[in-house]
Amino acid sequence: NPDDNRLLNAVARSEFRLNGFRNRDLRSILCGDKPRCPIRQKRQAARVTRPIRLLRGHGLIRKVSGTQRYQLTSKGQTTITAILAAQNASTKQLTELAV
């Protein structure tokens with residue numbers, strides 16, 4: 001899914017490695033400019049919250065205690081890097097690696 005691909009690319013950005021990312025950071029990457037209407041802002045936040053919950057549920061990200069930030073876990077770094085590499089590889093490259 002292209003939306004999942006954009007989410008994984010956003011979460012794996014190097015700028016979030018040290019301090020982590022917030023819902024607001026992902027919204028600016030995934031949704032573009034901040035809407036002026038507060039109702040639309042709330043809907044965008046809710047639209048990003050669900051994928052964050054899913055990533056947390058799978059153990060790919062963790063919440064930094066006492067903040068509104070999330071960081072990739074070591075499992076998340078490995079898994080997301082493998083997924084993104086597999087998406088960018090050809091079938092021939094993938095079958096050569098499997099042998």
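**Group meeting talk: a walk through a predicted model**

Hi everyone, let's begin with helix H1, residues 2–11, where Leu7, Leu8, Ala10 and Val11 are buried. Those four cover an arc of only 160° around the axis, which puts them on the same side of H1. Here the arc is that of the directions from the helix axis to the C-beta atoms. Buried means under 20% relative accessible area, exposed means over 50%, and partly exposed is in between, using a 1.4 Å probe and protein chains only. Helices (H or I, at least four residues) and strands (E, at least two) are DSSP runs, numbered from the N terminus.

Before going on, a word on the source. This is a predicted model, so local features need pLDDT of at least 70 and side-chain atom pairs count only at pLDDT 80 or more, while totals for chains, interfaces and linings use all residues. Residues are numbered from 1 along each chain as its sequence is written, and side-chain values use heavy atoms, with hydrogens and water left out.

What covers the buried residues of H1? The cover includes H2, helix H3 (38–57), strands S1 and S2, and helix H4 (74–88). Contact, by the way, means heavy atoms within 4.5 Å.

While we are at H3, look at alanine 45, which has its place in that helix. From alanine 45 to valine 11 there are 34 residues in sequence and 16 Å in space, C-alpha to C-alpha. Not counting residues up to four places away in sequence, alanine 45 touches Asn23 and Arg27.

Now for charges. How many salt bridges does a search of the whole structure find? The search finds 3, where a salt bridge is a side-chain nitrogen of Lys or Arg within 4 Å of a carboxyl oxygen of Asp or Glu. One of them joins the side chains of glutamate 15 and arginine 13, at 3.5 Å from N to O. Arginine 13 is partly exposed, at 32% relative accessible area.

Arg22, Asp25 and Arg69 are linked in a network of salt bridges. Between arginine 22 and aspartate 25, the closest N and O atoms are 3.1 Å apart; between arginine 69 and aspartate 25, they are 3.9 Å apart. Arginine 69 lies in the loop between strand S1 (61–63) and strand S2 (70–72), and aspartate 25 lies in helix H2 (residues 23–30), so this pair ties together parts that are 44 residues apart in sequence. Is aspartate 25 buried or exposed? With 15% relative accessibility, aspartate 25 counts as buried, while arginine 22 is partly exposed at 22% and arginine 69 is partly exposed at 26%.

Next, the rings. Phe16, Phe21 and Tyr70 form one aromatic cluster. Tyrosine 70 also has the charged end of lysine 63 sitting over its ring, 5.5 Å from the centre; that label needs NZ of Lys or CZ of Arg within 6 Å of the ring centre and within 35 degrees of the ring normal.

Last stop: glutamine 71, in strand S2. Glutamine 71 is buried, with a relative accessible area of 15%. What does its side chain reach at 2.8 Å? The side chain of glutamine 71 reaches the backbone oxygen of leucine 18. Leaving aside neighbours within four places in sequence, glutamine 71 is in contact with residues including Arg17, Leu18, Leu60 and Val64.

Conventions
Rings of Phe, Tyr and Trp (its six-membered ring) pair if their centres lie within 6.5 Å; planes under 30 degrees apart count as stacked, over 60 as edge-to-face and the rest as tilted. A polar contact is a pair of N or O atoms within 3.5 Å; within protein, one must be able to donate a hydrogen and the other to accept it, and residues adjacent in sequence count only if both atoms are side-chain atoms.
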